[in-house]
Amino acid sequence: GGAGAAPSRDDDATLFSQYLSGTGARQVVCRAATGAASFSRHVGTLVVTKRPHVGVDWVLRPETRQSIEVLGAGLDYLKDRIMVVDCQGVCGVSGPTQALTVPDLSTEPTAACCDSKPPTRSSLEATAMAFFNTWVPVNAFDDAPSNNTEEGYVPPAAGGEQQAFTVATASYCPANNIDITAVTTGDANQHQCYTKCTLNAPCEGADCFCDGHYVGYDDATSTALCLSMARCQALCLLVEGCYGIDMHATMNRCFLNTMDCEALVPDGLNADASYNFYYKVAASRRLAAPAQEPVPSLTPARRLLASTDVGYSWDEILRYRYIQFRSGGTFKVCFCDKDVMAELGTGRVCSAAEDYAVDVGTVHVSGVSCLVSMKRFQRGVCCSQWWGGLRCYSDACPSITVPVEADGSTNLPPLIVTPDQTPEEQEQTITTWCLYGPEDVTSLDANCAALRVQ
């Protein structure tokens, strides 16, 4: 059209298509009042993702611990999250539903019985928000350097000669982490990943390095630091009793280690391709030191699952288990995409309602018989979920491929608990397995690793 004329519908579609040429990003949607070349009026935010499947229906029973499975491509069980909101809610705007009994939103811990007060709506929402932010899908992940069986350490007297670092690649120092939660030197405790990137989220500034944070895996007792290699080494030089650091090979994630590691270099270090161990040497000896040979990989450092599906998550399916609704109803499932979080800034994690902006489907909390009368379910098909409940589609259940180890091995320890066990029964099963199972197998089991640090 001529100058000042409003663009046609086709023109709008072309401009809109060009503007949204990227994927996995949060876009600001604007509209021009006339045919101006630029859009200046902000009318909303559009989140674009191609990773999770959308339009799914889940069927769960009330007052029963069940699960929600999200399928897609390139999913990440360490960083992707879901949140359930009420039926009339809007993903990316509304807070979490409070119609849950797992987690228990009916009560809050109080200082004394006689001073207890009914929880407020805002406090309940905060409890539910914290649950969804750290609701990690079932997985076999084990960050080996974080497993620490050492007691507290006693710092020795400060050394004299200036220190430098050398490296033992593809390895870490086992069971000698310094408990940085109690170390204030160099603000070590403030650089704990959990404190910086979950407790005080969102972290802002040049010293966040939250890409090294495993949300839901790291907790208040974690010894993981979110720092660059240079800053982690500098901190080790400041903290008395620090001999070296376990530094992640690709992320800003590290651990300070005690002087006991000196006796383990190099043959006593554990192999792990995801980490390198940097340890102190006298600056005067560094140039004369021989090059450090990589530690041979005796066992796989990371194992996901065997070729038989045993209930874990991988990049095609995320299994969120142990959710329980108080009564029947309909709810929306909102997805927080880790790629969208990355677009918003390095180290951003799912922490607020606005982060859960992708509507991936609807949860129907009811018996299956109640849904038969609904037209949309009369010709569809529902698939059983590993940890309970159903996910339903209009035509057929999507197929998924269980991954195999890169070397073709399929000897990962199977999942030793079953969906029909209560949490107490599962805990007893895991404890028995870790105590009496074959050591060469239990040593690779993430459940046993968790028990060893308790």
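## Close-up views of disulfides, salt bridges and cores

**View 1. The S-S bond of Cys203 and Cys208 has a torsion of about -90°, so this disulfide is left-handed.** The model shown here is predicted. The sulfur atoms of Cys203 and Cys208 lie 2.0 Å apart. Cys208 has 3%, so it counts as buried.

**View 2. Cys91 and Cys334 form a disulfide between distant parts of the chain.** The S to S distance is 2.0 Å. Cys91 sits in the loop between E5 and strand E6 (100-102). Cys334 belongs to strand E14. Cys91 is buried at 12% relative accessible area. Cys334 is buried too, at 0%.

**View 3. Cys336 is joined to Cys350 by a disulfide.** Here the sulfur atoms are 2.1 Å apart. The S-S torsion is -95°, and the link is left-handed. Cys336 lies in strand E14 and Cys350 in the loop between H6 and E15, so the bond ties together parts 14 residues apart in sequence. Both cysteines are buried.

**View 4. Arg51 forms salt bridges with Asp80 and with Asp337.** Toward Asp80, the closest N and O atoms are 2.5 Å apart. Asp80 is in the loop between E4 and E5, and Arg51 is in the loop between strand E2 (41-48) and E3, so this pair ties together parts 29 residues apart in sequence. Toward Asp337, the N to O distance is 2.6 Å. Asp337 lies in the loop between E14 and H6, and this pair spans 286 residues. Asp80 is buried at 0%, and Asp337 is buried at 2%.

**View 5. Arg391 and Glu69 meet in a salt bridge.** Their N to O distance is 2.8 Å. Arg391 lies in strand E17 (residues 390-393) and Glu69 in strand E4, so the pair ties together parts 322 residues apart in sequence. Arg391 is buried, with a relative accessibility of 6%. Glu69 is buried at 2%. Elsewhere, salt bridges with shared partners join Arg51, Asp76, Asp80, Asp337, Lys338 and Asp339 into one network. The model has eight salt bridges in total.

**View 6. The largest nonpolar core has 47 residues.** Which members touch the most others? They are Ile68, Phe132, Phe325 and Val363. Several elements each supply at least two residues of this core, including strand E3 (56-60), strand E4 (66-71), helix H2 (121-133) and strand E13 (317-325). Strand E14 (329-336) and helix H6 (338-344) are also among them. Nonpolar side chains tend to be buried together in soluble globular proteins.

View 7. A second, separate core has 28 residues, including Phe165, Ala188, Cys193 and Cys242.

Technical notes:
Residues numbered from 1 in each chain as written. Predicted model: local features only at pLDDT ≥ 70, side-chain atom pairs only at ≥ 80, totals over all residues. Heavy atoms only, no water. Core = buried A, V, L, I, M, F, W, Y, C linked by side-chain atoms within 4.5 Å. Buried < 20%, exposed > 50% of the residue type's maximum accessible area, 1.4 Å probe, protein only. Helix = DSSP H or I, 4+ residues; strand = E, 2+ residues; numbered from the N terminus. Disulfide = S-S within 2.5 Å. Salt bridge = Lys/Arg side-chain N within 4 Å of Asp/Glu carboxyl O.
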